[in-house]
Amino acid sequence: MSIVNSFFSNTTTRRGVGAIVGFVVIWYFGAMVDDWTGYDVLGIGLVPPPGDVFTAFLGVIPKAGYWMSWVSSFSRVLTGFLVAMLIGIPFGLLLAVNRYFRGVFFPPFEILRPIPPLAWVPASLIFWPTNEMSIAFVTFLGAFFTIVINVLGGARSIDISYLRAAQSMGASQFDLFWKIILPGTLPSIFTGAAVGMGITWEVVLAAEMISGGGTQGGGGLGFFIWNSYMGGSLEQIVVGMISIGIAGYLCSSAIRKIGFYFMPWRRLF
Amino acid sequence: MAGKSHKREQTGALSIKNVTKIYDPSGVNVKAVDDCSMEIAAGEVCMIVGPSGCGKTTLLNAIAGFHSITEGSIHLDGDLLCGPGKPKAEQSAERMVVFQHGALFPWKTLQENVAYGPTVQSAMSAGEAMEKAGQMLAEAGLGQFIKKYPGEVSSGMARRAEIVRALINDPKVLLLDEPYRAMDALTKQIMHESLLETYDRTGVTIFFITHDLEEAIFLGDKVHVVTTRPCQLKKTVEVRIPRPRSFETQSSEEFRTLLEEVNEAVHEEAVKAFQAGEREMA
């Protein structure tokens, strides 16, 4: 009881829960309005009411295939995202601190960057030996460019006074990089990570729908939605959509938590 | 300056001789400093006053080693910092800068900020540096705030901590570039008292750039009025008000007379700067 009490004593939590409940109520009225009045309002009468979706949700929960979709989408997102971070952060920092590196790599980067990740789907399906690899590759691209641009921008906009102060106090190039440039860029790294994570979810879903996402239940949430569409189950489509919403929310909260851990000075904001 | 007795009265003499700085961005020569000379004795508080954009900061940057000079030379205690054959001084902890907008590292606590210098210089172990930093911050009245991040304290406290961060490196010269510019009059007053107290304790040479004439006279041993761009020494006013000074000093007859004298010299330059600005706009 005390847990419930403390949960609801937090104003932010109370507002958040209230807003979600309010949204579901509006959804319910929107979905039922054609049943009650006989008029189809702007097509929203086709939307399944929350109750039906909830029933469909209960229906898929015991099914292994549904959870396999979670696992495969998550592992694709995480693979692409982590590789993008591992390559993107050093790449962005190098672009920022070394002008020869920037001279060579920035122009091709800027030409490739505007190409939407989804435009890479057909080519990567052909070039990569497996579907799995091509989806991971496209996911990687989705996060990579955003992360690099944020890291580059963040590192370049570090106040020159910090660098001068550190140098005057005797910091070596090594110190400057690890103690000034890196922590100074961290906020931008996490902004890039948060935005990049959002893009990886967009991309993975679309890639799964296009590629069919492989076989034996490993299709991912994107394929789950596509499959529900082919099977004509409107409720399951919405179940898939909400699942993605929850998955995305989990990912961005994780990034926020990690950001808090690495940037204690930002907790005050 | 009678009655002063600090350990370092003999070091920190700056000699600026015929310094000229020409910026040459995209082929358009801009003369920021023109044949500027001044002598700053060891342990002196030297205030530089002049119109905005006149090249004061250029001079400070040359002393700190952030920028090169075109002609002339700057010596510290007789050693060449920059001059013929060596356009740019190396950056060094003997000349510490306190920046206009503040440059405490936001990702370090006040204590970690202050401990940074001795740590990277390997002058102390990390533990010793932290201990010394805590001590010095406490002396500056920031004992309760050593574990706070710069974003959590007021701008006045942050600036005080920044001066402590400079002083822990035992600099010969403290270079201050309008450090109290954005502060309200009351905070400024407290800052001044704290700086004077620090100065009386350490006797470090202070090179202080400001727009604020009362600040200049209240803090300084000498006030150097410089001309509008290009920067040249126009007039030096000696402030013989004895130390320690308190805020009552500012209502004394002597203070008012000095203020008028400085004001007259600065006003002329301000008018010139304003007219030059109008010409540039036209």
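Me: What is the handedness of the crossing where H9(A) passes H11(A)?

Reply: Happy to start there. In this predicted model, the crossing of H9(A) past H11(A) is right-handed.

Me: What does chain A bring to its contact with chain B?

Reply: Chain A supplies 14 residues and chain B supplies 21. On the chain A side, the elements giving two or more residues are helix H8 (160–168) and helix H9 (173–211). H8(A) gives the most, with 6 residues. The chain A side divides into 7 nonpolar, 4 polar and 3 charged residues.

Me: Over in chain B, what makes H1 (residues 56–64) largely enclosed?

Reply: Count its buried residues. A residue is buried if 20 or more other C-beta atoms lie within 10 Å of its own. In H1(B), 8 of the 9 residues are buried, so the helix is largely enclosed by the rest of the structure. Among them are B:Lys56, B:Asn61 and B:Ile63. Just after H1(B), B:Gly65 has a positive phi of about 90°.

Me: How do you know that E3 and E9 of chain B pair, and in which sense?

Reply: Pairing requires at least two bridges. Strand E3 (residues 45–49) and strand E9 (residues 222–226) of chain B have 4 bridges, in the parallel sense. As a place to look, B:Cys46 stands opposite B:Lys222 in E9(B).

Me: Why do E6 and E10 of chain B count as edge strands?

Reply: The strand order settles that. The open sheet of 6 strands runs E6-E7-E8-E3-E9-E10 in chain B, with mixed pairing. Strand E6 (95–98) and strand E10 (233–238) each have a single partner strand, so one side of each is left without a neighbour in the sheet. From one strand to the next, the twist averages 20°.

Terms used: Residues are numbered from 1 along each chain as its sequence is written. Chains are lettered from A and ligands numbered from 1 in the order in which they are written. This is a predicted model: local features need pLDDT of at least 70, side-chain atom pairs count only at pLDDT 80 or more; totals for chains, interfaces and linings use all residues. Axes are lines fitted to C-alpha atoms, for helices over the stretch in contact, and angles run from 0 to 180 degrees between N-to-C directions. Two residues are in contact if their C-beta atoms, placed from the backbone, lie within 7 Å. Ala, Val, Leu, Ile, Met, Phe, Trp, Tyr, Cys and Pro count as nonpolar, Asp, Glu, Lys and Arg as charged, and the others, Gly among them, as polar. A crossing is left-handed if the near helix is turned anticlockwise from the far one by less than a right angle, and right-handed if clockwise. A residue is buried if 20 or more other C-beta atoms lie within 10 Å of its own, exposed if 12 or fewer, and partly exposed in between; C-beta atoms are placed from the backbone.
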